[in-house]
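Subject: Structure handover

Hi,

Here is the structure I promised to pass on. Have a look at it first, and my notes follow below.

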Amino acid sequence: MLDKNTVIATRLFVVSIAMFGFGYALVPLYDVLCDVTGINGKSGDISLAEAVKLDVNNNRTVTVEFDTNVNNNMPWSFRVENSKLQVHPGEINEAVFIASNQTNQTMTGQAIPSVAPGVASLYFKKIECFCFTQQTLGPGESKRMPVKFVVKPEMPENIRMLTLSYTFFPVSSPAKPEPSHIVPSS
Amino acid sequence: MSEAVMHDIHHDHHPEGLRRWLFTTNHKDIGTLYLCFSLFMFFVGGAMAMVIRAELMAPGLQYVEPQFFNSMTTMHALIMVFGVVMPGTVGFANWLLPMMIGAPDMALPRMNNWSFWILPFAFTLLLLTLFLPSGGPAGGWTMYPPLMLQTETAFPFVIFAVHFMGVSSIMGAINIIATILNMRAPGMKLMKMPLFVWTWLITAFLLVASIPVLAGAVTMLLTDKFFGTSFFDAAGGGDPVLFQHVFWFFGHPEVYILILPAFGIISQVIPTFARKPLFGYASMVYATCSIAFLSFLVWAHHMFTVGMPLAAELFFMYATMSIAVPTGVKIFNWLATMWRGEMTFETPMLFAVAFVMLFTVGGFSGLMLGIAPVDFQYHDTYFVVAHFHYVLVTGAVFAMMSGVYYWLPKWTGHMYDETLGKLHFWLSVVSVNVLFFPQHFLGLAGMPRRIPDYSTQFAEWNAISSMGGFVFGASQLILLWVIIKCVRGGEKATNQVWEGASGLEWTLSSPPPYHSFVTPPTIEDVTSHS
């Protein structure tokens, strides 16, 4: 009798440990799901070589709005030169963002992008972005940071306007591992 | 445990006083410990609810600081979920499962002792946080980051308390599964088991599968706060919404962990007092299984407003609504059991009938919340509070009260005071509706949950709700008195206790012997449903 009980108990302990692991497995699963479906405005990136190969559709104009935010704990100012651009799907565009460190010490920040509406994020691709890496600014330093992007021509016709929003977060320790879904996977 | 103590137990003697309770491996002792613990925490959590209702009696800030108010709502929820309903139903399981399946004790008695004795430590850790200078946790029992990560000194206490509660429940669940699968008396086939045993078997599987996910989620919170990971920190590439997904992947099965044992209790009580076998036994078993299965597929209905794609909203909406089918099967089976039965209304039956009606109210408001487009209005309002209090208070807690009155004569050997029991019931059932029904209106009118102050338009219904709350809280003292009185003495209970009761536990003496079935009983003539 004791043997039978030990067998069941052992099996169930293994199941519960596996479910603990499953909780952690939900993390990469969630990232993959978000990348594939574009949920949460997690937009992807594209290489320059690929971007120039896209057909430019000059008959269609899409408005891209830019939005800048800083986290509560981030004493930087952060703005964009032009708050909106009219772009043609397939053409390579550039927007310039300006961040300045308003403290008297060197600080590192990370910008997190988000695209709305969510469905549009599948078609909004960045070629070059300050959000790919962490940004370090000296005391009082300002920095002009360009973003090169392309709107893919396959984007559904009903989307005439989309918003690219960035939030700058402080990076507590520079040794922090870089976020996997922002760094282009080569 | 030493050889000597083992030897003692085999001869039906056991250490006396504190040592008996500390070292006990007996399922009845441990069941009693669980039930007493649950009752004690019921009053602790209830006192916090009284603070909440006192503050909400009128608009403006009256008695407590907003931070303390929020820690009251947080602690009230954690205590009622993990400290009252879960240990309470485990207490029922410990007392009753071996007696119902014809076993001498639980399968893993020493683990049983552990799984109980972890709990007082877990809740001491949790309650201690109220005495910290920075106060207790105030980020809600759902512990959403980034708010939860702002918790100060209390944070690690809460996380470790949740870990301990989880370990306790998992061990309890493993024990229950092992007992039910291995310890049944010859002839007690799976489809002959009383429904309470079935619902607990399924609940135990839910526990083993979902509690570890909660443990994972809170561990991620812990490492985010102290060890520089960024699971939920956007700056490091994480996502706070991910926490909601992981939490509710646990959280939705959890609500069935709370309610399935209650279904089991009601399925024992109603046939007894309707003097008819349970209608649709097999469909009850299948309905319970399908509820358990579906519970893993509907978690995102707690987060319709978080910004999901349309396809996901629709999937979770339809999956959620489909749970109404097996739940409806259960309600109809209980009604059909009562139909043309020779019903009498002793206190357990009163609570059971109230359960069927009021749980259905909670089920319907759940359906309303499950409709994604309208949930955008109801989300995070008092409508949600009204909904889950209907399913948990008039659902799970009423079922437990029904069970206490039903089995108390069996456990103690004395009949409880029927007049006091009925008084307790009528005061509770009236006041609980005065307490929670107006909260539906408040929610539909737009009153958000988890706030200490509110717009004056909500004043009247809040005042009425608070009155109901105070009466409901005070009525529970009657329950305490009934239990104390019944333990101390009273009319001697017969073995069967209730005229219509059938099942193995009613063949034993009242109170039953320390070891239930030393020789396995014969099953054929005592099963309730065939």
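By class, the lining of the largest cavity splits into 7 nonpolar, 3 polar and no charged residues. (Here Ala, Val, Leu, Ile, Met, Phe, Trp, Tyr, Cys and Pro count as nonpolar, Asp, Glu, Lys and Arg as charged, and the others, Gly among them, as polar.) Before going on, the background: this is a predicted model, where local features need pLDDT of at least 70 and side-chain atom pairs count only at pLDDT 80 or more, while totals for chains, interfaces and linings use all residues. Residues are numbered from 1 along each chain as its sequence is written, chains are lettered from A and ligands numbered from 1 in the order in which they are written, and side-chain values use heavy atoms, with hydrogens and water left out.

Back to that cavity. The residues around it are Tyr34(B), Phe82(B), Met86(B), Pro87(B), Val90(B), Leu119(B), Met165(B), Ser168(B), Ser169(B) and Gly172(B). Two or more of the lining residues come from each of α4 (66–101) and α6 of chain B. (Helices, H or I with at least four residues, and strands, E with at least two, are DSSP runs numbered from the N terminus.) The volume of this largest cavity is about 70 Å³, and the structure has 4 cavities of 30 Å³ or more. A cavity here is a set of points, on a 1 Å grid over the protein atoms alone, where a 1.4 Å probe fits but cannot get out; lining residues have an atom within 4 Å of a point. Grid points are joined across faces, edges and corners, and the volume is the space filled by probe spheres set on the points.

The second largest cavity comes in at about 50 Å³. Lining it are Val85(B), Met86(B), Thr89(B), Val90(B), Ser169(B), Trp200(B), Leu207(B), Ile257(B) and Leu258(B). Helices α4, α7 and α8 of chain B each give two or more residues to that lining, and α4(B) gives the most, with 4 residues. In classes, that makes 7 nonpolar, 2 polar and no charged.

**Where the chains meet**

On the chain B side, 36 residues are in contact (heavy atoms within 4.5 Å) with 27 residues of chain A. Between them the two chains bury about 2700 Å², 74% of it on carbon and sulfur atoms; buried area is the accessible area (1.4 Å probe) that two parts lose on being put together, summed over both. Within chain B, Ile174(B), Asn182(B) and Ala235(B) lose the most area to chain A, together 20% of what that side buries.

Which elements of chain B give two or more residues to the side that touches chain A? They are α6 (154–182), α7 (195–226) and α8 (240–274). The biggest share is from α7(B), with 9 residues. That side of chain B has 25 nonpolar, 9 polar and 2 charged residues.

**Salt bridges**

(The cut-off is a side-chain nitrogen of Lys or Arg within 4 Å of a carboxyl oxygen of Asp or Glu.) One to look at is Glu94(A) with Lys148(A), whose closest N and O atoms are 3.6 Å apart. This pair links distant parts of the chain, 54 residues apart: Glu94(A) is in strand β4 (residues 92–101) and Lys148(A) in strand β8 (residues 142–151) of chain A.

The peptide bond from Pro145(B) to Pro146(B) is cis, with omega near 0°. Pro146(B) sits in the loop between α5 (109–128) and α6 of chain B. Met143(B) is in the loop between α5 and α6 as well, and has a positive phi of about 55° although it is not a glycine.

Cheers

Methods
1 Å grid on protein atoms, 1.4 Å probe; cavity = no way out; pocket = protein on both sides within 12 Å on 5 of 7 lines; lining within 4 Å.
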